[in-house]
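Please read them with the structure open.

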Amino acid sequence: TRIGSEFMPDLDEGDVMYMPVTDPRISANEALRVMQRQDEIIKTFPEVEWVAGKAGRADTSTDPAPINMNETIIHLKPRDNWQVGMTRDRLVDEMSEKLRMPGVTNIWTQPIKNRIEMLSTGIRTQVGVKIYGSDLNELEQHSREVASVLTAIPGAKDVYPEQITGAPYIDIQADRQAAARYGIDVETIQNVINNGIGENNLTVTIEGRKRFPVRVRYAPEFRTTPESLGRLLVSPPNGMQIPLAQVASIRTSTGPTMISSENGLLRGTVTLNVRGRDIGSFIEEAKRVLSERVHLPAGYYVEWSGEFENQQRARARLQLVLPIVLVVIFVMLYLTYHSIIEAAHVLMAVPFALTGGVYLLYAFGYNFSVAVWVGFIALFGTAVQTGVVMVIYLNEAVARKKLEVGGHLSLQQLKEAVMEGAVLRLRPKVMTVSTVVAGLLPIMWSTSSGAEVMKPLATPVLGGMVSSLVHVLIVTPVIFFWLHERQLRRQAASESHALDDLETESKL
């Protein structure tokens with residue numbers, strides 16, 4: 001109950017991805033200036049080798065990032081060149097503290113992990129709260145309410161409610177009556193707006209193997225304000241030049257930066273990372289707190305996503321796989337011994353092996369994850385295999401004892417046979433455990449890439465092999481003796497009944 005849960009341990013990719021989010025009304029030039037300032041601050045850390053930032057979205061349909069979200073790849077130097085005592089988590093905390101700016105929310109992740117989570121769940125952080133509804137303004141209000149509650153929960157970091165509305169727009173609506181007085185159609189007005197503001201590709205210039213489009217539009221001073229846009233000239237068929245403001249209404253407005261929908265409903269999102277505790281316990285507490293403090297209207301509901309979504313899918317799969325593993329092991333044992341009692345006897349090695357793995361997992365501070373359960377499944381097979389070998393040694397010792405006495409064994413003779421078989425198994429069992437431990441210990445000392453996943457996988461096997469050693473050498477012979485003692489007592493009882501019957505018949 002004191003061990004947390006997560007999907008997979010964080011794999012240290014060697015690089016860090018910094019994804020700050022600013023106000024949705026920010027301009028492209030201001031976003032570039034902020035990103036350059038952030039890059040300068042990051043370069044001051046001696047652990048950083050180089051920094052590469054991107055403002056806005058790439059020219060691809062798989063990158064829906066708005067202009068107010070930057071993506072900065074931070075390439076770190078090898079660990080040998082870091083300051084003494086510096087860790088990755090501490091470095092991220094120090095950079096986040098130094099990068100605090102008004103209106104900027106810091107979000108930290110890793111490049112590969114971010115791409116995988118964005119493609120699989122649509123969330124760029126460890127945990128995401130998706131709020132579904134039908135009204136954008138209400139979604140944004142509830143997102144902020146959820147974010148304020150989550151911020152107070154221990155472990156919540158980089159909490160950010162995505163701003164749905166607030167982006168500035170300039171609406172240009174053609175006045176059809178005024179345009180008709182000058183003989184101007186709506187298409188002509190649209191062409192002026194498109195050519196002057198939105199750019200048109202005139203041609204393509206070729207320089208070697210590179211191609212560059214040549215675009216044309218009005219200079220910034222002629223299109224940056226509604227007033228300057230109103231002075232753009234529209235040419236009617238008679239050759240006159242009419243200001244755009246006389247044939248169209250120009251006004252500023254605010255609207256959504258990007259509209260997200262899922263499952264047929266509009267969606268608002270609250271993103272956050274969890275540091276200092278496991279994701280499983282955090283979400284359990286967050287669900288309880290949200291249900292108490294946040295009350296959504298009818299037609300609105302909340303779903304948890306991000307890495308937690310992967311964790312839920314893995315848990316459902318493991319809840320199916322683990323029982324199947326145990327059933328398969330039991331069936332194979334039954335086919336070996338043709339006895340349910342003997343199969344259950346050997347299968348008792350599993351909970352003893354599980355005990356050592358769980359205690360060592362708790363001692364090292366690891367959480368339950370897919371890697372840990374894979375280690376437990378491997379441990380189950382090894383523990384049952386050693387139990388089978390011990391039972392084989394005990395059965396052989398009992399058979400030899402029966403040959404020596406030439407018949408049935410007494411309880412004392414059975415005890416001697418069991419002790420003899422257990423002692424014969426001592427050296428092979430210790431050698432087996434020593435070999436497994438010696439093979440896995442280098443993983444526990446490793447600090448290279450992938451060690452974050454391999455250590456939790458190897459921990460259950462290490463702890464379980466030690467506890468199964470105690471079980472197989474001490475508990476298994478005792479249970480084996482009890483089972484055979486029971487058989488001897490039954491056999492003795494049946495023989496005594498048979499003798500009584502013979503005596504009765506002789507008297508008759």
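1. P456 is placed in helix α14, which spans residues 451–507; helices here are DSSP runs of H or I with at least four residues, strands are runs of E with at least two, and both are numbered from the N terminus. The residue P456 is buried, at a relative accessible area of 2%. Buried stands for under 20% relative accessible area, exposed for over 50%, and partly exposed for what lies in between, using a 1.4 Å probe and protein chains only. Apart from neighbours within four places in sequence, P456 is in contact with P9, L361, Y366, V372 and A451, where contact means heavy atoms within 4.5 Å. From E140, 316 residues away along the chain, P456 is separated by 40 Å between C-alpha atoms.

2. A word on the basis of these values. The model is predicted, with local features needing pLDDT of at least 70 and side-chain atom pairs counting only at pLDDT 80 or more, while totals for chains, interfaces and linings use all residues. Residues are numbered from 1 along each chain as its sequence is written, and side-chain values use heavy atoms, with hydrogens and water left out.

3. Which residues have the most contacts inside the largest nonpolar core? They are L333, V346 and V384, in a core of 40 residues. A nonpolar core is a set of buried Ala, Val, Leu, Ile, Met, Phe, Trp, Tyr and Cys residues joined through side-chain atoms within 4.5 Å. Two or more residues each come from α9 (307–337), α10 (340–347), α11 (349–364), α12, α13 (411–445) and α14. The most is given by α12, with 11 residues. L333 touches H338, A343, V346, L347, V384 and V388, leaving aside neighbours within four places in sequence. A second, separate core has 26 residues, including L136, V149, A156 and V270.

4. R425 belongs to helix α13 and counts as buried at 4% relative accessibility. Not counting residues up to four places away in sequence, R425 touches T386, V389, M390, Y393 and L473. V391 is 34 residues from R425 in sequence, and their C-alpha atoms are 9.6 Å apart.

5. The structure has six aromatic pairs. One of them joins F376 and F380, which are tilted with 6.4 Å between centres and 35° between planes. Rings of Phe, Tyr and Trp (its six-membered ring) pair if their centres lie within 6.5 Å; planes under 30 degrees apart are stacked, over 60 edge-to-face, and the rest tilted. F376 and F380 lie four residues apart in helix α12 (residues 370–405), about one turn of the helix, and both are buried. One aromatic cluster is formed by F368, W373, F376 and F380.

6. The charged end of K98 sits over the ring of F45, at 5.2 Å from the ring centre. The criterion is NZ of Lys or CZ of Arg within 6 Å of the ring centre and within 35 degrees of the ring normal.

7. An open sheet is made of four strands in the order β2-β3-β1-β4, with antiparallel pairing. Because β2 (48–55) and β4 (108–109) are at the edges with a single partner strand each, one side of each has no neighbour in the sheet. Strands pair if DSSP finds at least two bridges between them; β2 and β3 (residues 70–76) have seven, in the antiparallel sense. A55 has N70 in β3 as its bridge partner. Helix α1 (residues 28–43) packs on the sheet, touching β1 (15–18), β2 and β3, with its direction at about 170° to that of β2. Helix α3 (residues 111–121) lies across β1, β3 and β4 and runs at about 50° to β1. Axes are lines fitted to C-alpha atoms, for helices over the stretch in contact, and angles run from 0 to 180 degrees between N-to-C directions.

8. Strands β8 (residues 200–207) and β9 (residues 210–216) pair antiparallel over seven bridges, and E207 has K210 in β9 as its bridge partner. The two strands form a hairpin with two residues between them, where G208 in the turn has a positive phi of about 70°.

9. Most residues other than glycine have a negative phi. D158 has a positive phi near 55°; D158 lies in strand β6 (residues 156–161) and is buried, at 12% relative accessible area. N263 also has a positive phi, about 55°. N263 is in the loop between β13 (261–262) and β14 (265–274), and counts as exposed at 56% relative accessibility.
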